[in-house]
Amino acid sequence: MVDIVFVDHDGSEHKVEARSGSTVMLAAVTNGVPGIDADCGGSCSCATCHVFVHEDWIEKVGKRNPTEEAMLSLNPDRKTNSRLSCQIPVSEELNGLIVTTPEFQF
């Protein structure tokens, strides 16, 4: 199991366990993390699973794919570390991953 820490915009932390091969979004939804609605179920078509990846983890989560880039381009709150959690696959190398959920998703 891989530990992932979701930090709310107010600093509250939600530490969850995820299975390798799943996604960061699925870990959030399965564990009831607030601020991750995942309305499209992970098909990269709604951006309701937007997260900000902690700077220490940006390289490890990889780059955005073109579809994710297009979805995030519509979001005025996008930052350089913005990702859609449905597009981040969970692997053992992400153990300890820290992401923050944006205030506008609450």
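1. Strands here are DSSP runs of E of at least two residues, helices are runs of H or I of at least four residues, and both are numbered from the N terminus; two strands count as paired if DSSP finds at least two bridges between them. In a sheet, strands pair through backbone hydrogen bonds, either parallel or antiparallel.

2. Please keep in mind that this is a predicted model, in which local features need pLDDT of at least 70 and side-chain atom pairs count only at pLDDT 80 or more, while totals for chains, interfaces and linings use all residues. Residues are numbered from 1 along each chain as its sequence is written, and side-chain values use heavy atoms, with hydrogens and water left out.

3. Pro102 lies in the segment after strand S5 (97-100), and Pro102 is buried, with a relative accessible area of 3% (buried means under 20%, exposed over 50%, partly exposed in between, with a 1.4 Å probe and protein chains only). Although Pro102 and Val51 are 51 residues apart in sequence, their C-alpha atoms are 6.4 Å apart in space. Leaving aside neighbours within four places in sequence, Pro102 is in contact with His50, Val51 and Phe52, where contact means heavy atoms within 4.5 Å.

4. The largest nonpolar core has 28 residues, and those with the most contacts inside it are Ile4, Phe6, Leu84 and Leu97. Such a core is a set of buried Ala, Val, Leu, Ile, Met, Phe, Trp, Tyr and Cys residues joined through side-chain atoms within 4.5 Å. Helix H1 gives the most to this core, with four residues. Not counting residues up to four places away in sequence, Leu84 touches Cys44, Ala47, Cys49, His50, Glu68, Met71 and Leu72.
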